[in-house]
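Try each task yourself, then follow the solution step by step.

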Amino acid sequence: MHIPEQRFGSGFVKPRFPNLLPTTSLADLANKDCYFQMHQLHIDPEFMSLDVKEWATIDAFKKSEVNSASSDAPPITVAREETLRPGLIRPETLEDVSRVKTLKEMPGPSTFGNLVEFFFRDGFSRIHEIQMEHRQKYGKIFKSRFGPQLVVSIADRDLVAQVLRAEGATPQRANMESWKEYRDLRGRSTALISAEGEEWLKMRSVLRQLIMRPQDVAVFSEDVNLVVDDLVKRVGSLRSRSSDGESVVNINDLFFQYAMEGMASILYETRLGCLEEEVPKDTQDYIAALHLMFSSFKTTMYAGAIPKWLRPVLPGPWEDFCSSWDGLFNFSQVHVSKRLEEVRGQTERGEEVKGGLLTHMLVTMEMSLEEIYANATEMLLAGVDTTSFTLTWAVYMLALNKEVQQEIYEEVLGVLGPEETPTADHVTRLPLVRGLVKETLRLFPVLPGNGRVTQDDLVVGGYYLPKGTQLALCHYSTSMEEENFPDAGDFRPARWVRKDNTDRVDNFGSIPFGYGLRSCIGRRVAELEMHLALARLIQRFNIDVSPLLSSEVKAKTHGLLCPAAPVHIRFRDRDP
Ligand code: HEM
């Protein structure tokens, strides 16, 4: 296949892959996606390969269960349980069927207990801790009920692996009804996060080609580095204004601005001026609106949980939910439309069209304009808080673990010296900087749990899960398990550095970007932004906890796993 020349960032862009594998079916594309990702995750495809004998449907069991009430299922002896192989099985005989337990038999907190935990003991901000407590109490797999919704939680590395490896061509994360309802109401398109089925697969196969491999995003290096220049300058100006002259107060605000500016430069091919001393007025308004949107958005997410019939009585959450989305869509539309006008003008004048990600989407039009607006909106939503929280935790961990910081500083110094600006190419030679991000995400996975709706009947951990079961994959608790990560409570970026090519450091215990066909499409963008910023900050500054910070900052869940209090960091210039 001939692949047209492609360069991004400030380079010239011709339509890339105008007709990607035209004869390939969507399911084939999906399989290729999975294969690419295995390599990107540095997971040996052999290690991940599916054992077809173990993974199969369970029609026989289904039929037998229909004939017998689930509560009447024969008791399971210890001996029988021991013979159960973890994973999906095809029961051949009645005896095999009897080994599989029903959902009724699955342990878990009572509905009342859950209600108390979440509504009276602030469980929503402790979801990560509750995961650990429930893992201790109920084991690797347990069920919880939230009103009418039954959720099966999976808190075991191997079972998580089994579920994700068994996915079909179009995995579903959760019920996205309320997101879809808003889009129908406003005549908007769905995008990667909100779309399902073939619609999702079509968009995924377009976007996947553009930003999923490290080499795809390496071309944004120059643009991201301009944003890092501004970040470093801003550290200088903010600390000079602090009471001790060295601290940046609430570092997450700064990283929010950095992540937003970075996303805008990659996604919209424009600069917003978030990190400038004098932020342009219109950008200021946008940032304020967006800040509000991000913070209110998380709470209004629960709007979807409020039944439609209750809306006339309790209209607030749904109205907030819709106006949050209005703001997000408008923001993206302004920037996408601006670029569209420029591209149209250039085309009409017969000029060469140069640009990056957005230009490519607008020139090739592999997605409709509405789909482009929607994807720009959802990607911005997905890419700012996630990246800024991770950067906040990373510098906080560096400040708390000075020996680790010194080790990483020496690595950076060895590769770059005191002055050279790191690029994506350098990052390949900075394993400890990459380990820093992985270890930060292990201890503080921005999404402490992820969801899947089973697309088929499955047997997981010896339990029969009917098609359509909502699963919660407990990434936080698997990240903290000793069996998966020795001395799991310690911050050790070096644990991610491979000793040699045969060394396997990745495991399903920590998959902060998810896994498989539906994994995070922005992973490489996020990593580039984080690697370049962290390498530069470590190269330039000695990073400490600020004396203005009086107590240890813990994590809380607020939609995402975030710092429960502002983190203040002291940046002192390193000796030249
Ligand atoms: C530290 C940064 C980030 C983390 C930890 C993160 C994590 C995740 C996770 C766990 C998922 C769900 C994956 C799954 O269900 O298997 C996800 C999905 C997604 N992320 Fe990220 N993300 C980050 C940054 C970004 C960025 C920068 C972008 C945009 C450029 C982005 C765009 C998306 C999108 C669009 C999806 C939905 C993908 C789909 O359903 O096909 N993320 N992310």
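**Exercise 1. How many bridges join β8 to strand β11, and in which sense do the two strands run?**

Solution. Keep in mind that you are looking at a predicted model.
- Step 1: find strand β11 at residues 569–573.
- Step 2: count its bridges to β8; there are five, and the two strands run antiparallel.
- Step 3: pick out one pair. Val 545 stands opposite Ile 569 of β11.

**Exercise 2. Describe the open sheet of four strands.**

Solution. 
- Step 1: read off the order, which is β1-β2-β7-β4, and note that the pairing is mixed.
- Step 2: locate the edge strands, β1 (141–146) and β4 (450–453), which each pair on one side only.
- Step 3: follow the twist, which averages 30° from one strand to the next.
- Step 4: zoom in on β1 and β2 (residues 149–154). Six bridges pair them in the antiparallel sense, and the bridge partner of Arg 145 is Leu 150 in β2.

**Exercise 3. Are helices α18 and α22 roughly parallel or roughly perpendicular?**

Solution. 
- Step 1: find α18 at residues 402–416 and α22 at residues 523–540; their axes come within 9 Å and cross at roughly 100°.
- Step 2: compare the angle with the cut-off. Since 65 to 115 degrees counts as roughly perpendicular, α18 is therefore roughly perpendicular to α22.
- Step 3: list who makes the contact. From α18 come Gln 405, Ile 408, Tyr 409, Val 412 and Leu 416, and from α22 come Ala 535, Ile 538 and Gln 539.
- Step 4: sort these by class, which gives six nonpolar, two polar and no charged residues.

**Exercise 4. Describe how α13 and α17 meet.**

Solution. 
- Step 1: locate α13 (residues 251–268) and α17 (residues 369–400), whose axes come within 8 Å and cross at roughly 140°.
- Step 2: classify the angle; α13 and α17 are therefore oblique to each other.
- Step 3: α13 passes α17 in a right-handed crossing.
- Step 4: look at the contact, where Phe 255, Phe 256 and Met 260 are among the α13 residues, and Leu 380, Gly 383 and Val 384 are among those of α17.
- Step 5: sort the contact by class, and you get 14 nonpolar, five polar and no charged residues.

**Exercise 5. Over which residues does pLDDT stay under 50?**

Solution. 
- Step 1: start with the whole protein, where the mean pLDDT is 82 and 80% of residues reach 70 or more.
- Step 2: find the stretch in question, residues 1–95.
- Step 3: read it with care. Where pLDDT is low, the predicted coordinates should not be read in detail.

How values were computed: Residues are numbered from 1 along each chain as its sequence is written. This is a predicted model: local features need pLDDT of at least 70, side-chain atom pairs count only at pLDDT 80 or more; totals for chains, interfaces and linings use all residues. Two strands pair if DSSP finds at least two bridges between them. pLDDT is the predictor's confidence in each residue, from 0 to 100. Two residues are in contact if their C-beta atoms, placed from the backbone, lie within 7 Å. Axes are lines fitted to C-alpha atoms, for helices over the stretch in contact, and angles run from 0 to 180 degrees between N-to-C directions. Angles under 35 degrees count as roughly parallel, over 145 as roughly antiparallel, 65 to 115 as roughly perpendicular and the rest as oblique. Ala, Val, Leu, Ile, Met, Phe, Trp, Tyr, Cys and Pro count as nonpolar, Asp, Glu, Lys and Arg as charged, and the others, Gly among them, as polar. A crossing is left-handed if the near helix is turned anticlockwise from the far one by less than a right angle, and right-handed if clockwise.
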